[in-house]
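Here are my notes on the model, point by point. Please read them beside the coordinates.

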Amino acid sequence: MTAWNVFTDLGFICLLLLIGAFLRAKVTFIQSLFLPASLIAGVLGLLLGPQMLNVIPFSKGLSDYAGILIAVVFAALPFTSQLSSFSKAAKNVVTTWAVSQSVVVLQWGVGLLFGLGIIALIFANIPDGFGLMMAAGFMGGHGTAAAIADVYGDQWPDAQSLGMTAATVGIIVSVVGGILIIKWESQRGNTAYLKNFKDLPQELRSGLVRPERRESIAHSPVSTMSIDPLIYHAGLVLGIAGVSYLAASWLSGLGQGLSIPTFSVAFLAGFAVLFLLKRLGAMDHFDRRLFERTSSSSTDLLVAFGVASINPSVVLAYAGPLAMLLIFGVVFIAFFYFVIAKRLFTDHPVEQSIFLWGWNTGTVAMGIALLRVVDPEMRSKTLDYYGIAYVPIGFADIAIIALLPVFVMSGLAWPAALVLTFAGIALLGLARFTVSKPEVETAAPMGEAIEPSRG
């Protein structure tokens, strides 16, 4: 594989991203599904690539890009987090943390239990870690699917195709299911700020922002006569990811069978660099929004490359058990939304719960997009609570993603599944005691919605 292979792969996938954005802007059916351009590009890449029609000559290294890009995304995470004042959000942040952490832990736990206790009894030769594909695809999205596949490595090469397929289904479920839920809730007057679903502006559907609605994505902290601000920010993130790859490779070579995921090293290295920059007072020379653009661009590429690299023969081989697992996942998240989340979130229950739906079936970006539909001016403070709550959740995610496949490969799948399931139930019990009295603002007519964030 040469540098020209990388260049042509990137060129083709970027062309497909532009085609995806064009289709989103022009095709009414695609607009009604609110599908992101990256997912459309990935599907087109799969159909036109070597795995199917063989029109686009992608290289044999197509499946390697997801593992590289997830390291970039995780390296950028420390620089893109937004923490609100804890004192202002303390009344709801503990509930947000407990409910959010519980559904994350339960997805891993009950998904693994369902794979071990149900699917393995019906289908022969199902790997112990098959149930992980539910959370890897739904709650984690394409990034986590790539991370899980990276941990498994050569021990289960099918994990990447299965995880990417689950993540693709998850995004569709997230957007389509979320829109259906929003319509249902708004028709019953349960939404605080959205009064009529038909009032959503066209730009939210097409993905194109009108000239008078356009805003600057960032402010440059450096002179372009010295260095371009985009490469200035992206260079720091890419540098952290590159060094993390070398560090992870070195650490993995210290012991036989030891495998240190690059993305987890990149995440910790990012925090170390951020801490150092803050101590030196150097963060004034960076703009968080440009880090967000680096992360979002990497995520778009990750989704497109990840879907395009799916091996259809692997998916067909696991079609029955995978369909069964994903249907179970949809039922589980729907149950959590209607029966648990809406009862525990007493302050803007629909707004907070729909964000949780979007995040736990697709990605955080999907959760934000759905939240923007029901709360365009972000008056529910859902993201303020989540911004603080995600700090412990983020570290727990890293630990679960890095260690859970290792436990499964070591023959500890059942104990790990049971511990996670009971931990999730215990967190729900904690959430029940932290519920605060509702503080919903007086409902107001929905203002003009703004473009959903994808950072």
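1. I start with a salt bridge partner. At 15% relative accessibility, Glu 292 counts as buried. Buried here means under 20% relative accessible area, exposed means over 50%, and partly exposed is in between (1.4 Å probe, protein chains only). Glu 292 forms a salt bridge with Arg 288, the closest N and O atoms being 2.4 Å apart. The term needs a side-chain nitrogen of Lys or Arg within 4 Å of a carboxyl oxygen of Asp or Glu. Arg 288 is partly exposed, with a relative accessible area of 30%. Both residues sit in helix 12 (residues 288-308), four residues apart, about one turn of the helix.

2. A word on the basis. This is a predicted model, in which local features need pLDDT of at least 70 and side-chain atom pairs count only at pLDDT 80 or more, while totals for chains, interfaces and linings use all residues. Residues are numbered from 1 along each chain as its sequence is written, and side-chain values use heavy atoms, with hydrogens and water left out.

3. Other salt bridges. The search of the whole structure finds four. One of them joins Asp 287 to Arg 289, at 3.3 Å from N to O. Asp 287 is buried, at 10% relative accessibility. Arg 289 is partly exposed, at 26%. Another pairs Arg 210 with Glu 212, with the closest N and O atoms 2.8 Å apart. Here Glu 212 is exposed, with a relative accessible area of 59%, and Arg 210 is partly exposed, at 31%.

4. Overall make-up. The protein has 18 helices and zero strands. These are DSSP runs, numbered from the N terminus: helices are H or I of at least four residues, strands E of at least two. Of the 455 residues, 53% count as buried. Among contacts with a separation of 6 or more, 80% join residues 24 or more positions apart. Contact means heavy atoms within 4.5 Å. The protein exposes about 20400 Å², and carbon and sulfur atoms supply 66% of that area. Accessible areas come from the Shrake-Rupley method with a 1.4 Å probe; for residues, only the protein chains shown count as cover.

5. Which residues touch the most other members of the largest nonpolar core? They are Trp 108, Phe 130 and Phe 336, in a core of 112 residues. Helix 5 (residues 86-122) gives the largest share of this core, 13 residues. Apart from it lies another core, of 14 residues, including Ala 241, Ala 266, Leu 274 and Phe 291. A nonpolar core is a set of buried Ala, Val, Leu, Ile, Met, Phe, Trp, Tyr and Cys residues joined through side-chain atoms within 4.5 Å.

6. Contacts of Phe 336. Leaving aside neighbours within four places in sequence, Phe 336 is in contact with Val 99, Ser 102, Val 103, Leu 106, Ala 341, Leu 356 and Leu 428. Leu 356 is one of the buried residues of helix 15.

7. Helix 15 (residues 349-361) deserves a look. Twelve of its 13 residues are buried, so the helix is largely enclosed by the rest of the structure. Among them are Glu 351, Gln 352, Trp 357, Trp 359 and Asn 360.

8. Thr 262 lies in helix 11 (residues 262-279). Thr 262 is buried, with a relative accessible area of 13%. Beyond neighbours within four places in sequence, its contacts are Ala 71, Asp 150, Ala 241, Ser 244, Tyr 245 and Ala 248.

9. A surface patch. Val 43, Leu 47, Met 52, Leu 53 and Val 55 make a nonpolar patch of about 450 Å². Patches are made of residues with over 30% relative accessible area and no salt bridge; like charges are joined within 9 Å, nonpolar side chains (Val, Leu, Ile, Met, Phe, Trp, Tyr) within 5 Å. Leu 47 lies in helix 3 (residues 37-48) and is partly exposed, at 36%.

10. Backbone points to check. Most residues other than glycine have a negative phi. Asn 54 has a positive phi of about 60 degrees. Asn 54 is in the loop between helix 3 and helix 4 (65-80) and is exposed, at 52%. Asn 125 also has a positive phi of about 60 degrees. Its place is the loop between helix 5 and helix 6 (132-137), and Asn 125 is exposed, at 74%.
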